[in-house]
Structures are given as structure tokens and as C-alpha cells.
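My notes follow in the order I made them.

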Amino acid sequence: MRVMSSSTCFTSLPPFFPSSLTKTTKPSPKFSMSMSEDPVREWILSEGKATKITKISPVGGGCINLASRYDTDAGSFFVKTNRSIGSSMFEAEALGLEAMYETGTICVPKPYKFGPLPNGGSFIIMEFIQFGASRGYQSELGKKLAEMHKAGKSSKGYGFDVDNTIGSTPQINTWSSDWIQFYGEHRLGYQLKLLLDRFGDRAIYEKGQRLVKSMGRLFANVVIEPCLLHGDLWSGNISSNRNGEPVILDPACYYGHSEAEFGMSWCAGFGGSFYDSYFKVMPKQPGFEERRDLYMLYHYLNHYNLFGSGYRSSAMSIIDDYLAFLSA
């Protein structure tokens, strides 16, 4: 059996979060900042309805945060802490989890509380989900994910109420009414500028900017609506519960074009049954195959930024292919 792991990533680079909003959501316990000698224990023994904590066990699987399972007489809780990062990181995670949870479509851990730790750092408390051994949920995952995309809509456009991270890279979620502008500026453009600043890679920056300016043609005759996206859907962020139902976790949520959810499909293992079930709920749009690599490009660029030039050739190949296809 597997249990919920901590934030999944490939690097120990520290995330950065700009200042963001605090949100209270009912009926779950309040998302708020609190300070006590042990705010995790305090919440569990008050709002968590427990009278005693019987066991605290470490949970492996991540490299940014320390994860623990708290067993109590009121059930188990999953807790992540980080001694070097402020509570904005876990605020963004809590708001993303809550947004997905509120759609009532796919299984996600319900967030309960986040806040600062007294000696620096931050914590988040959420529902503990006992993971099962089954990985045969492709069809159900496609169906449930499509239902989440269909149910999770935004009247504000494309973006999210707070910025978050993709891995440990900042992900800017400033609201926009134009998806192509949003994706070009806050996804591809942001990654390209990071590459220029960090590695001085002017060649990929300039070619990438040419693609950003011409990619609008890939969206001809496409109806785009802002859908709630998990945002970082790869195999490490997908599991199943003891009932065999798919579970998704560790999100980088925002509202965007539904097809952008498949940007990490190169390391998610989505099969034919996944897509068949997905498109029964969310019909395939014209030109889907032509845009698929455009959404993968964001994540290849991010991997280049995080892990170095081993991902450069994949990103550049996608850019060159699109520039040729678009005669740009």
C-alpha cells in the first residue's frame, strides 16, 4: 500500500511565492494564519476534533517539503511542513486543492489549514488518503478529469487568485480575458525569459518569442473556455485510493484551456482508454493534435530551467517544428 506523499518534484530548488490572498472556505475549517508553539498539534486537537495524537510517522516521496502522517482518535491527517518557505506556498496549494474538491468530481485530499510555523517556515494540514495498489484507472481518470474541467469554470477569465509554482519555478496567474495572450506571456514567455536570464540562451529565447507571436493560428475555429486545471499532472501526482478510484494531488492550479492539462503527458502515461473516456465528456476540438506539443513545450522549458540543458534539445525541436509549420 502507498500513502500520500509530500510535494513531488525532481529538484530541491526552493520555490518562490509572491504575496497572495488569504481565503476562508466553508464547510472546511478556516484557511487562516495562526501562530502558537505547535500550530499543527493545536489545530488537530481543536478544530480537528481529536483528543489525542497517537502516532506521528514520516511519509517519503518528496524533496521540497517534510511530510508526516498524524494518527489520532479522530482519524488520520496528512501534514506537510517547510522550515524555509513562507505560508504563501501552502496557501496556493490549499486554494488549488479546495477548488478541485469543490467541483465534486475527482478525488483530491481536502485541505484543512495552512499557516506559519513559530520559528520560521510554514505548514499545511489536509485529509489523509490511504493509497491503494491499483494503477488500472486510466478510463476512470480520463472521465473524472474531464468532469472536473467541465464543472470548474471561472467568470474571471484565465488565471488564478494567487500565483503558485510549477515544480519550484514561479507560475504567474494574473487574470486575463485572452487565453492566447495569457499562455504566451505567463507560460511560454515567462519560461523563455528565465532561460535568457539564467543561461543566456538567446537562441531559444528569440525563436520562442517568434512562436509566441505566431501561435494564434493554431487556435483557429477553437472554442476555448477557462477550465480548472490541476496544472502539473504527471504520474507522480496521480494515484488511487483503496477503492481503486483515481486521486490527484500536489496541484499547480489555474483556469486555462482544457488541453493544457495534457502538457505533462510525456511523463504521465496516459493511454488510449484515458483519452477515449476524456473526450466522451469533453469533445475533442479541431486541431487538438497540432496544439499538443505547444502545451508540452511549457513543461520542457520548465525542465530546462530546473534541471539544465539536457532538456534544451527537446524544447528547441518543438519550437523549430512549429516555426516551420507556421512559416514564422
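I started with helix α4 (residues 179-199) and helix α5 (residues 202-214), which pack at an angle of about 165 degrees with axes 8 Å apart. Axes here are lines fitted to C-alpha atoms, for helices over the stretch in contact, and angles run from 0 to 180 degrees between N-to-C directions. That angle makes α4 roughly antiparallel to α5 (over 145 degrees counts as roughly antiparallel). I noted a left-handed crossing of α4 past α5: the near helix is turned anticlockwise from the far one by less than a right angle.

I then listed the contact residues, with contact meaning heavy atoms within 4.5 Å. From α4 come G184, L188, G189, L192, K193, L195 and L196, and from α5 come R202, I204, Y205, G208, Q209 and V212. I sorted this contact by class and got seven nonpolar, four polar and two charged residues. In this scheme Ala, Val, Leu, Ile, Met, Phe, Trp, Tyr, Cys and Pro are nonpolar, Asp, Glu, Lys and Arg are charged, and the others, Gly among them, are polar.

I logged the ground rules here. The model is predicted, local features need pLDDT of at least 70, side-chain atom pairs count only at pLDDT 80 or more, and totals for chains, interfaces and linings use all residues. Residues are numbered from 1 along each chain as its sequence is written, and side-chain values use heavy atoms, with hydrogens and water left out.

Next I took α5 against helix α8 (residues 312-325). Their axes come within 10 Å and cross at roughly 40 degrees. The crossing is left-handed. On the α5 side I found A203, I204, K207, G208, R210 and L211, and on the α8 side R312, A315, M316, I319, D320, Y322 and L323. The classes are eight nonpolar, one polar and four charged.

I checked the whole chain. It has eight helices and 13 strands, taken as DSSP runs numbered from the N terminus (helices H or I, at least four residues; strands E, at least two). Of its 328 residues, 59% count as buried. Buried means under 20% relative accessible area, exposed over 50%, and partly exposed in between, with a 1.4 Å probe and protein chains only. Among contacts between residues at least 6 apart in sequence, 72% join residues at least 24 apart.

Which residues does K156 touch, leaving aside its neighbours within four places in sequence? I found D161, W175 and S176. K156 sits in the loop between α3 (138-151) and β8. It counts as partly exposed because its relative accessibility is 48%. Its side chain makes a polar contact with the side chain of D161 at 2.8 Å. A polar contact is a pair of N or O atoms within 3.5 Å; within protein, one must be able to donate a hydrogen and the other to accept it, and residues adjacent in sequence count only if both atoms are side-chain atoms. I also saw that K156 and P226 are 70 residues apart in sequence but 8.6 Å apart, C-alpha to C-alpha.

I moved to T165 in strand β8 (residues 164-166). T165 is at 11% relative accessibility, so it counts as buried. Its side chain reaches the backbone oxygen of G167 at 3.2 Å.

Last, I looked up backbone angles. Most residues other than glycine have a negative phi. K49 has a positive phi, near 70 degrees, and lies in the loop between α1 (39-44) and β2 (53-59). N221 has a positive phi of about 65 degrees and lies in the loop between α5 and β10 (227-229). K49 is exposed at 67% relative accessible area, and N221 is exposed at 71%.

Terms used:
Angles under 35 degrees count as roughly parallel, over 145 as roughly antiparallel, 65 to 115 as roughly perpendicular and the rest as oblique.
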